[in-house]
Amino acid sequence: MKAKAITLNVNGRRHQVTLFPNVTLLEALRDLNYTDVKNGCEKGDCGACAVEMNGKVINSCLVLAWQADGAQIITNAGLGTMENPHPLQEAFADAGAVQCGYCTSGMIMAAKALLDENPNPSETEIREGISGNLCRCTGYTQIINAVQMAAKKMTQQRSQQ
Amino acid sequence: MTAKGRALPQVDLPPLRQVGRPLRRVDALGKAVGATVYAGDFTMPNMLHAKVFRSSEPSACIKQLDVTKAQALPGVACVLTADELPDGKLITDMPGQTGQERRKGSDAPVLAAGRVRFVGEPIALVAAETLAIAEQALELIKIEYEPLAGVFDPLEAMKPGAPVIHEPDNIVSSWKIRKGNAEAGLAAADLIVENTFRVPFIDHAYIEPEAGVAWVDDQQVINIRVCTQVVEHFRSIAQAVGVPHNKVHVRGTMIGGGFGGKEDITVEIFLALLTKETNRPVRLAYTREESILAHSKRHPFIITHRTGVKKNGRITGAEIKMISDSGAYPYLSPYVLLYATVTSCGPYRIENLKVDSVSVATNNPFTSAFRGFGGAQAAVAYEQQMDEMAKALTMDPLEFRKINYLKTGDSNAIGQQIKSAVWLEEEAMQALAALGEKKSVSEDAIKVGQGFATTMQSYGRIMWFHDTSRSWVGIEQDGTVVVRCGAPDLGAGQANSLCQIAAEVLGVSLTDVTFYNSDSAVTPLAGTTTATRQLYMSGNATLKAAKMVRKVLLDRAAEHFKKEPNSLDLADNKVFIKSDPQQWLSLADLSKMCAADGLKLQHLALFRAPFTDKLNPENLQGNVFPDFTFSAHAIEVAVDTKTGEITVLKSVGCHDVGRAINPIAVEGQIQGGSAQGIGYALMEEVQVKDGVTRTPSLSEYLIPTAKDLPTTKAIILESGTGVGPFGAKGIGEPALTPAAPAVANAVANAIGVRIHDLPLTPERVLAALDHAKKG
Amino acid sequence: MLPQFKFLMPKTLPEALEMMDEISRVIPLAGGTSLLVDLRGRLSHPHTLINIGGLDELRGIRIEEGYVVVGSAVTIADLKRNVLIAKHGQVLQQATTVFANPLVRNRATIGGNLAYGSPAADTAPPLLVLDAEVELMSKDTRRTIPLKEFITGVRKTVCHPRELVTAIRWPIPPEGSVGAFRKLGLRKADAISVLSVAVMLHCKDTGDRDQVRIALGAVAPIPIRAAAAEELLDREPLTPEVIARAAQLASEATQAIGDIRGSAAYRRRVITALVQRLLTNLAKGAKEKKRNESKGNHS
C-alpha cells in the first residue's frame with residue numbers, strides 16, 4: 001500500500017497530508033485535530049461524524065480521505081466559536097438541545113444542511129432532516145426547538161443584510 | 001379514559017433568582033461549538049495505541065494462549081495476559097467505594113485466567129505504535145479453547161445439574177419481602193389476576209464509545225483521563241495494578257452519555273496496566289461493536305405478579321416473583337435486584353405482600369447498572385398488572401389506582417414511611433389531560449389507544465452504603481465564584497446544577513461561576529454519578545459550602561454596614577441592606593476586604609445521607625432509600641393491525657421534581673428519559689443466542705431516531721418536599737421509569753389484548769391479535 | 001480501521017474501464033455506504049478498489065429515445081429531488097424518501113445499491129416495476145441486462161469482474177401510470193427493510209387494460225416480480241376479491257427467511273397485507289381517475 005499526498009480544505013484552512021488509501025475522512029480529520037468530528041460507530045449508523053463536503057452533509061466515516069482530495073470541508077467547529085457562535089450553535093446551547101453533547105456536532109451539521117435547503121422547515125421536515133443523527137440523551141424535542149429558533153434568527157439576519 | 005381536573009395542593013416555594021430559571025447550562029456552548037474535549041479526543045506525545053483481545057467463546061477453558069508472535073511484531077510495545085498481572089489480584093467492579101461484601105470468587109477478573117465465561121471477556125492487552133499495528137497484533141494471538149457446557153437461560157441455570165458459572169451455584173443474590181400475610185390476603189380476594197412479564201437485555205447505546213488515555217507522571221502517579229461515572233474507582237484501579245491508592249489519578253471527562261454503562265470500570269485498568277508496563281502514554285478507544293460486547297447490559301427480568309383484589313378495587317394481597325439474568329459476572333446484580341424488589345409492587349398500599357427475587361448467573365453478557373436500576377424493570381410489570389386488574393374489574397385504570405395509591409405518611413412495600421409529597425393522582429390527571437381526546441382515524445385497520453403509568457423511583461443511594469459527598473465553593477477577589485466538586489457530569493447537567501446553586505447563594509449570575517469536576521485528586525470526592533444522587537448529595541454539599549462562604553461575606557459586610565447579618569442580602573454581584581438597597585458594596589470589594597482580614601473565602605463542605613444498617617435479605621423491612629420521586633407518563637399510540645407497526649402519537653411526562661434547579665434541563669431529562677423508555681418498549685433488544693450477541697452494531701440494535709418519537713410534553717410539578725437542595729428530588733432515572741409501561745398500556749388499550757414481553761415488535765402485535773381472536 | 005488495499009482513481013470512464021481490464025478483480029467504489037462497511041467488518045477483502053463515484057460520465061439523469069437514463073453514480077439524494085424522476089419514476093422517488101437517512105442518501109448511489117445485490121435493496125422493487133435495465137460496460141463491451149436478470153442471488157449479480165454498471169434505464173411510463181412503494185422496518189427511519197413492496201399501474205394508451213406490476217423486496221434471495229399475481233390481475237378486474245387473491249399469490253411467490261428482524265411467517269403475512277393495501281389504493285386511484293375523466297367528458 002502506498003501513501004499519497006492529498007489536500008484537505010477544512011474550515012478555510014488548507015492541509016497537505018500524506019495518507020494511505022485506507023484512511024477514512026473521519027480518521028484524517030481527527031488526526032488533524034478536528035476532534036469535534038466524532039466517532040460513534042464508523043459505519044454510517046449514528047451521524048456523529050457528519051461534516052459538509054463540497055456543500056453536502058455526509059458521514060465522514062464512509063468517505064475515504066483520498067476521495068476528499070481537494071474538497072471543501074466544513075466541520076461544526078468551523079461554523080462558529082464560543083466568542084462568536086453560529087445561530088445554530090447558540091440555539092442548541094440555549095434550548096437545552098445539548099446534554100452530553102456528543103451527537104451535537106454531527107446534529108448541527110445535519111441541521112445546517114436542512115436549513116440551507118429549506119430555511120423555514122416544519123417539525124416533520126426537521127425530524128426527517130436529522131433522522132440520520134442519533135441522540136440518546138434528549139429525545140430530540142429540544143433539538144427541534146433549537147433548529148426552529150435558529151431558522152428564525154437566520155431568516156432575520158438574512159433580511160437585515 | 002378521562003381525567004378530571006383537580007386543584008393541586010398549594011405550595012409556596014420561596015422565590016429564587018438563579019435556581020429555577022431556564023438558564024443556558026455552563027457546559028452547553030463549549031459542546032455546541034465542538035470545543036469540549038471528550039475522552040477519545042485527547043492525545044499525548046509519544047502515545048501508544050491499545051487493543052483488547054477478547055473471548056469468542058461463551059463458556060470455555062483456555063487450553064493454550066500464545067502471544068509470542070504478537071509480541072514479536074515490529075511496533076508492538078507490549079502484550080499482557082493474566083500471567084503478567086499482579087499476583088492474585090482479581091478485581092470486581094463495585095462502585096460502592098465502601099467495601100461491600102460480595103460473593104467470594106465471583107469477581108470479574110481483569111483478564112481471564114484459564115477460563116472464559118462470556119463472549120467478549122477480555123483475555124489479553126496489546127499496546128503498539130499505531131492502531132493498525134495493534135489490530136494486526138490481535139490477529140497474531142493464538143488461542144485454543146476447550147468449550148465447556150454453558151447455560152444461557154436463568155430458568156435453566158437454576159435447575160440442579162446446570163453448568164455452574166461460579167461455585168457453589170448460580171444464585172448470585174436473592175431478596176425476600178414477607179409483609180403481613182399474603183396467602184390470607186389472596187384468600188380474601190374476590191378476584192385474583194396473574195401475569196408474567198419479560199424484559200430483555202438492553203444496551204446503553206451512548207453515542208460516545210468508551211475511551212481514555214493514561215500516562216505516568218513525574219511523581220509516578222498513573223494518570224487516567226477517561227469518561228467515567230465514578231472517579232472513586234481509583235482505589236480499585238490501584239489495587240488491580242499493585243500501586244498505592246495515592247498513585248492513581250482519575251481525570252474524569254465530560255461524558256458522552258453514561259446511563260449506568262460507564263458506572264463500572266471499563267478501560268481504566270487496561271490503560272493503567274499498559275502505561276505502567278511501557279512507561280509511555282497509552283490510548284484505548286472502543287469501537288461501537290466492542291462497546292456493545294464489552295460493557296454491561298440492563299438485566300433481563302422475568303416477573304410474575306399474582307394479585308388479589310376486592311370488587312371495590314382494593315388490593316388485598318400480592319405475590320411477586322422476580323428472576324433476573326446476572327450474566328457471567330455479578331457486578332451490581334444484587335443491588336439491581338434490591339431496587340426491583342423494593343419497588344416490585346409499585347407505589348401502592350399493599351398490606352399483605354410476598355416477594356421472592358433472585359438473580360441468576362449465566363454465560364450471557366454480564367448485566368449491571370442501567371438508568372432505573374431494576375426499578376424500571378419492576379415498573380414494566382407492576383403498571384401493566386395494574387391495568388390488567390382494572391380491566392378485570394371493569395374499572396377505569398386511574399380510578400382503580402386511586403383506591404390503592406400510597407399517600408404521604410404511608411409506608412411502602414418494606415415499611416419505609418414516605419415523608420415527601422406523593423402526587424401520583426395529580427400527575428396522572430395532568431398527563432392524561434395533556435394527551436387530550438384520542439385521535440380519530442378513518443382507516444379500519446388502524447387502532448388508536450391511550451395508556452399511562454405511575455411509578456416510584458428512588459433518588460439517593462442505598463442508605464446502608466453510608467453515602468457522602470463533598471463540594472468546595474470559593475469566591476475570588478474579583479467576586480467571581482469557583483466550584484470544585486468531584487461529581488462526574490454525564491451530560492444531564494450535574495455540574496451546572498451545582499453552579500446554579502452556588503450562584504443563587506452567593507448572589508452572582510450563573511455566568512460568574514466556573515467549575516472543576518470529576519477529578520479524583522484535585523476535586524473533593526463527591527461519589528458516583530449514579531442512582532439519581534448527584535443533585536441530592538453534591539447539590540446539598542455545594543449548598544452547604546456556598547452558605548459557609550455566604551456567612552463569612554455577610555458577617556464581614558455586617559461589620560461594614562453596622563447592621564445585623566440577617567438584614568443584608570447578596571444579589572446582582574452586590575451585598576446590600578434589604579430595607580435600603582441603595583446602601584451596597586460590590587462583591588469584589590467585599591471579597592477583597594475579607595481577604596485583607598485573612599478570612600476564609602473557600603469552604604469545603606461534606607454532606608452525609610442518612611446512614612442506616614443493612615437490612616435482612618430474608619425479609620426486607622426498613623429503610624433503604626432516602627426518598628422517592630413519584631412520576632406519571634401518558635402515551636397515545638396508533639397500531640396498524642395489518643402490519644403490527646406501532647406509532648407513538650403523543651407523549652406526556654409529569655413529574656414532581658421537588659424543585660427544578662433548571663427547568664429546561666429537567667424537561668430535557670423527562671424527554672430524553674422517556675425516549676429511552678419508548679425505545680425499551682418498542683424496538684430495543686440485545687438479542688443473545690447461546691451467549692452470542694446477534695445485534696452487534698447500531699444497525700441491528702435499534703434506538704429511536706427523530707422520526708420514531710413525537711414531541712414530548714414535560715410537565716414539571718414542584719412540591720418542594722424533596723431532601724435535595726431547595727426541596728429538590730431527583731429526575732434522572734424517574735424520567736425513564738414510567739415510559740415503557742405507559743407505551744405497553746397504550747398498545748393494550750389500542751388492540752384490546754396484552755403483550756407480555758418487551759419489545760412490542762410488529763410481529764408480537766400480530767401474534768397477540770391472533771391469540772385474541774382465537775381465545 | 002479499514003484493511004489495506006490499493007486505490008485507483010481514474011479521471012474518466014474509459015480510463016476506469018482500461019484499469020479494470022488490466023487488473024482482474026478490481027472492486028468499484030462510489031458512495032461506499034455498503035462497501036466500506038463490509039471492508040471494515042472484514043466481510044470483504046478486495047485487493048484493489050477503483051473510485052468511480054466522481055466520474056462525470058456516470059452522473060446525470062436524462063431522457064433518451066423514450067427512456068429515462070440514470071448514470072450509475074447518481075446519488076439517492078439526487079434522485080429524490082430530480083424533476084424527471086418525479087415525473088417518470090415516481091415510484092422510485094417514493095423509495096428514495098425512505099432510503100436509509102439523509103446523510104447516507106448524499107453518498108449512496110443507484111448503481112451501488114443494485115450492484116451490491118442485497119435482496120433488501122430499496123431501489124430494486126421500484127426499478128423492477130418500471131421494467132428497468134442495467135447497462136454494463138467493460139473496456140470493449142457494452143450490454144444491457146433487464147434488472148430482473150441482473151441480480152441472481154444474495155449479493156450476486158451477472159456483472160463480470162471487468163465490467164462496471166454504468167447506467168440504469170427504463171422506458172418512460174405512459175401518461176397516467178402511477179405507482180407506490182412501501183417498506184416495513186423496525187423503526188421509522190434508517191432501518192433495513194424487513195420487507196418492501198412496489199406496485200405500479202402501467203397504463204396502456206391504446207385503450208387496452210392497464211397492467212399491474214408488483215415487486216417485492218427482502219422476502220426472497222433476490223428482489224422479485226410477483227409474476228403469478230400479475231398474471232391474475234391481467235385477466236381479472238381490480239375488485240377487492242381479486243386483489244385479495246393477488247395478494248395471496250404474491251405472498252406465495254416469496255421465499256422469506258427468518259432472521260433477527262422477523263420470522264418467515266410474519267414476512268409472508270405482511271406482504272399479503274401490504275400488497276393488498278397498495279393495490280386497493282391503486283384501484284381507488286384508478287377509479288377516481290376514471291370518474292374525473294368521465295366528468296370531464298360530460299362537461
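Reply: What follows is a walk around chain A, one partner at a time. Bear in mind that this is a predicted model.

Let's start with chain B. Here 46 residues of chain A are in contact with 55 residues of chain B, and the area buried between the two chains is about 3800 Å². Carbon and sulfur atoms give 55% of that area. On the charged side of things, there are 6 salt bridges between chain A and chain B. One of them joins the side chains of A:E128 and B:K707, at 2.5 Å from N to O. As for polar contacts, 27 residue pairs count between chain A and chain B, both residues being at pLDDT 80 or more. The elements of chain A that give two or more residues to this side are α2 (87-95), α3 (104-117), α4 (123-129) and α5 (141-160). Of these, α2(A) gives the most, with 5 residues. By type, this side of chain A divides into 17 nonpolar, 17 polar and 12 charged residues.

Now for chain C. The contact takes 31 residues from chain A and 29 residues from chain C, and the pair bury about 2400 Å² between them, with 58% of it on carbon and sulfur atoms. Three residues stand out: A:N22, A:L62 and A:Q67 supply 23% of the area that chain A buries against chain C, more than any other three residues. There are 3 salt bridges between chain A and chain C. A:E117 forms a salt bridge with C:R81, where the closest N and O atoms are 3.8 Å apart. On chain A, β3 (50-53), β4 (56-59), α3 and α4 each supply at least two residues to the side that touches chain C, and β4(A) gives the most, with 4 residues. That side splits into 13 nonpolar, 10 polar and 8 charged residues.

You'll have spotted α3(A) in both lists: it gives residues to the side touching chain B and to the side touching chain C. So how does its length work out? At 1.5 Å a residue, its 14 residues should span 20 Å, and the end C-alpha atoms are 20 Å apart, which agrees. The helix α3(A) is also mostly covered, with 11 of its 14 residues buried. Among them are A:M107, A:I108, A:M109, A:L114 and A:L115, as well as A:K112.

Technical notes
Residues numbered from 1 in each chain as written. Chains lettered and ligands numbered in written order. Predicted model: local features only at pLDDT ≥ 70, side-chain atom pairs only at ≥ 80, totals over all residues. Heavy atoms only, no water. Contact = heavy atoms within 4.5 Å. Buried area = accessible area lost by both parts, 1.4 Å probe. Salt bridge = Lys/Arg side-chain N within 4 Å of Asp/Glu carboxyl O. Polar contact = N/O pair within 3.5 Å; in protein donor to acceptor, adjacent residues only side chain to side chain. Nonpolar A, V, L, I, M, F, W, Y, C, P; charged D, E, K, R; others polar. Expected span 1.5 Å × (residues − 1). Buried < 20%, exposed > 50% of the residue type's maximum accessible area, 1.4 Å probe, protein only.
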